[in-house]
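I opened this entry to record what I looked up, strand by strand and then around the ligand.

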Amino acid sequence: MDCLFCRIAAGDIPSTKVYEDDAILAFRDINPQAPTHILVIPKAHIGSVAELTEEHAALVGHIFAVIPQIARQEGLTGGFRVVSNCGPDAGQSVPHLHFHILGGKELSLEMA
Ligand code: AMP
């Protein structure tokens, strides 16, 4: 499948990795919107949050257990934001499930 994040997960396209295990990968966003901007993806292809089912409960739980580890590793002691854009109205530009971790500054509260 020609999916950018599948290719990054496979190592065919380079990324700046901050965490990796058998199921997930975290790497730095190429166009950071905050001093720390990391993307966390499952290695298996899932299009977005809209495709999640109970079947993915363990995987999503794992992602959310690793996110605070990454935040600690990155020194985000002041807090951070986790965002997943889902579909065109949310501006999702890469159709492979990903969670943005944003931090390192006081983030705007604007949500829309
Ligand atoms: P979204 O717009 O929520 O789908 O987020 C996709 C994100 O992927 C954007 O923040 C892009 O900057 C980021 N991105 C696109 N290509 C790459 C890449 N090759 N390496 C790292 N981040 C990327």
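I count a residue as buried under 20% relative accessible area, as exposed over 50%, and as partly exposed in between (1.4 Å probe, protein chains only). Strands are DSSP runs of E with at least two residues, helices are runs of H or I with at least four, and both are numbered from the N terminus.

The model is predicted, so local features need pLDDT of at least 70 and side-chain atom pairs count only at pLDDT 80 or more, while totals for chains, interfaces and linings use all residues. Residues are numbered from 1 along each chain as its sequence is written, and side-chain values use heavy atoms, with hydrogens and water left out.

**Entry 1: strand β3.** I looked up the cover of β3, residues 36–42, and found seven of its seven residues buried.

**Entry 2: partners of β3.** I take two strands as paired if DSSP finds at least two bridges between them. β2 (residues 24–28) pairs with β3 in the antiparallel sense over five bridges. Within that pairing, I noted I41 of β3 as the bridge partner of L25. β5 (residues 99–103) also runs antiparallel to β3, joined by five bridges. Here I38 has I101 of β5 as its bridge partner.

**Entry 3: F27.** I located F27 in strand β2. Is F27 buried or exposed? F27 counts as buried because its relative accessibility is 3%.

**Entry 4: the ligand.** Which residues come nearest to the ligand? Of the 16 residues around the ligand (a heavy atom within 4 Å), I listed D29, N85, S93, H98 and H100 as nearest. α1 (4–10) and β2 each supply at least two residues of this shell, and α1 gives the most, with three.

For polar contacts I used pairs of N or O atoms within 3.5 Å. A polar side-chain atom of N85 is 2.8 Å from a ligand oxygen. An N or O atom in the side chain of H98 lies 2.9 Å from an oxygen atom of the ligand. A polar backbone atom of V94 is 3.1 Å from a ligand oxygen. Taken alone, the ligand exposes 510 Å², of which the protein buries 84% (Shrake-Rupley method, 1.4 Å probe).

How values were computed: A polar contact is a pair of N or O atoms within 3.5 Å; within protein, one must be able to donate a hydrogen and the other to accept it, and residues adjacent in sequence count only if both atoms are side-chain atoms.
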